[in-house]
Amino acid sequence: MVSRVRVWLNRTYAENVFFMDQLRRNPDDRAVEIHATHGDPDSPVLAAADTAELEPEGLSPAAYVEYALAQCERRGIDVFVPRLHQAAVVAHRAEFEAVGTALLAPPPEAVAVFHDKVIAYEAVQAIGVPVPPWWRVRSAEELVAAVDELEAGGYRACFKPVSGAGGVGFRVITRAPFSLTQLSGFPSPYVPLGLVLDALREADEPVDWLVMPRLEQPEVSVDCLTGTDNRIRLAVGRTKNGRRRGFTLHEQWLEPARRIAEGFGLHYLSNIQFRMLGERPVLMDVNTRPAGGLHQLSLCGVNAPWAAVRLALGEDPGELVPPFLGQDYTVVSGPRPLPPVTLPQQRADVSTAAPALGAVPAPAASVEPRTATGAHA
């Protein structure tokens, strides 16, 4: 009898309840048990898992690695999909292998390149992948210079943290003064330049921002599955243009994504995002983890999470070609069950190898909406 596979997802996005569902509904009919940890007791991934725990707060990256190793050994984890503290975890791959756990994540060198967006842009530009013009900004004076140069070229300037994920901290610069326009309707990413400059001059410490043109749609996210031999097993683009979503296998998106994934050793699942600068696609961002929307490839007849787990276990799934491209779609929210009793908060002084606290079984039944609620942790 083939043994079950034990997979752990740590502090992952809410949308990855569908990642978990796909693992359970794998085409090999292999038994999969899922362990989840999170800092939010009401995260839906905790409810969707077979076993769940609250994570201790305030751990340093080194202490988190110790906590993770203890989890893997105690829980008998076969495959660990790290999101939180990914860089620290992958630096200790040999220690996880020693307790029988494979890491579904790239090597530390690849994670380091794409942790810093400036280093990432310089690196991919060196291998011939187009990137937008960009400036690294740490002061009000540097911001003004960057915005002036972008606007002189006919672009609208935007900025985001050099290190970050999920669009956190993204803002678009406007020259319009603050007025009731900013207070009507829903909050927007637009911020007046004067207010940003005031905040920078009053700040106690410098910022570290990437300033660049506001790129246009369509946005294309290429989900890649890459082996440890640096060879792509799967590359499919997911398109976004307003509400409308779809899929593409056009080489203008897939070729630069393959070049990045294979060239930098982005082993297992990665997500490489492009947008338009004028008439040409340019790199926007690279995620060294599974994208929150990865499950949408199921509309093309592909189970990417299971293929990645097989690859991590040393079972090469071979090249995966979608048997068809699904029709255009949109994303809507839907209900997801939570445990009837909230998981207790963990004490701040909990040890890194503490026994299970507040472990809960998954509900007996769950209702899956047609699409995800959003990729929020």
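## A buried arginine

At a relative accessibility of 18%, Arg-30 counts as buried, a word that here means under 20% relative accessible area, with exposed meaning over 50% and partly exposed anything in between (1.4 Å probe, protein chains only). Arg-30 is placed in the loop between helix H1 (17-24) and strand E2 (32-38), where helices (H or I, at least four residues) and strands (E, at least two) are DSSP runs numbered from the N terminus.

Once neighbours within four places in sequence are set aside, the residues in contact with Arg-30 are Val-2, Ser-3, Val-5, Trp-306 and Glu-315, contact being defined as heavy atoms within 4.5 Å.

## The model and its confidence

This is a predicted model, in which local features need pLDDT of at least 70 and side-chain atom pairs count only at pLDDT 80 or more, while totals for chains, interfaces and linings use all residues. Residues are numbered from 1 along each chain as its sequence is written, and side-chain values use heavy atoms, with hydrogens and water left out.

The average pLDDT of the protein is 90, and 90% of the residues score at least 70; pLDDT is the predictor's confidence in each residue, on a scale from 0 to 100. Over residues 345-376, however, the pLDDT is below 50, although in the model this stretch has 77 contacts beyond near neighbours in sequence.

## The protein as a whole

The protein has 11 helices and 15 strands, and of its 377 residues 51% are buried. When contacts between residues at least 6 apart in sequence are considered, 67% of them join residues at least 24 apart. The accessible surface comes to about 17,400 Å², and carbon and sulfur atoms account for 53% of that surface; accessible areas come from the Shrake-Rupley method with a 1.4 Å probe, and for residues only the protein chains shown count as cover.

## Two helix pairs

Two packed helices are described by the angle between their axes and the distance between the axes. Here the axes are lines fitted to C-alpha atoms, for helices over the stretch in contact, and angles run from 0 to 180 degrees between N-to-C directions. Helix H8 (residues 140-152) packs with helix H9 (residues 193-202) at an angle of about 155°, their axes being 9 Å apart. H8 and H9 are therefore roughly antiparallel to each other, since angles over 145 degrees count as roughly antiparallel, under 35 as roughly parallel, 65 to 115 as roughly perpendicular and the rest as oblique. On the H8 side the contact is made by Ala-140, Glu-141, Leu-143, Val-144 and Val-147, and on the H9 side by Leu-193, Val-196, Leu-197, Leu-200 and Arg-201. By class, this contact has 8 nonpolar, no polar and 2 charged residues, where Ala, Val, Leu, Ile, Met, Phe, Trp, Tyr, Cys and Pro count as nonpolar, Asp, Glu, Lys and Arg as charged, and the others, Gly among them, as polar.

The axes of helix H6 (residues 108-115) and H7 come within 5 Å and cross at roughly 105°, and H6 and H7 are therefore roughly perpendicular to each other. In this pair Val-113, Phe-114 and His-115 of H6 meet Lys-117, Ile-119, Ala-120, Ala-123 and Val-124 of H7, which by class gives 6 nonpolar, 1 polar and 1 charged residues.

## Two further buried residues

Lys-117 belongs to helix H7 (residues 117-126) and is buried, with a relative accessible area of 6%. Apart from neighbours within four places in sequence, Lys-117 is in contact with Lys-160, Pro-161, Val-162, Ser-163, Gly-164, Leu-210 and Asp-285.

Gln-296 is found in the loop between strand E15 (280-287) and helix H11 (304-312), and it is buried, with a relative accessible area of 6%. Leaving out neighbours within four places in sequence, its contacts are Glu-15, Arg-238, Phe-247, Tyr-329 and Val-331; the C-alpha atoms of Gln-296 and Tyr-329 are separated by 9.7 Å, while the two residues are 33 apart along the chain.

## Backbone details

Most residues other than glycine have a negative phi, and most peptide bonds are trans. Gln-217 and Pro-218 are joined by a cis peptide bond, with omega about 10°, and Pro-218 lies in strand E11 (residues 216-226).

Arg-11, in the loop between strand E1 (5-10) and H1, has a positive phi near 35° and counts as buried at 13% relative accessibility. His-85, in the loop between strand E4 (79-81) and helix H4 (86-90), has a positive phi near 55° and counts as partly exposed at 24% relative accessibility.
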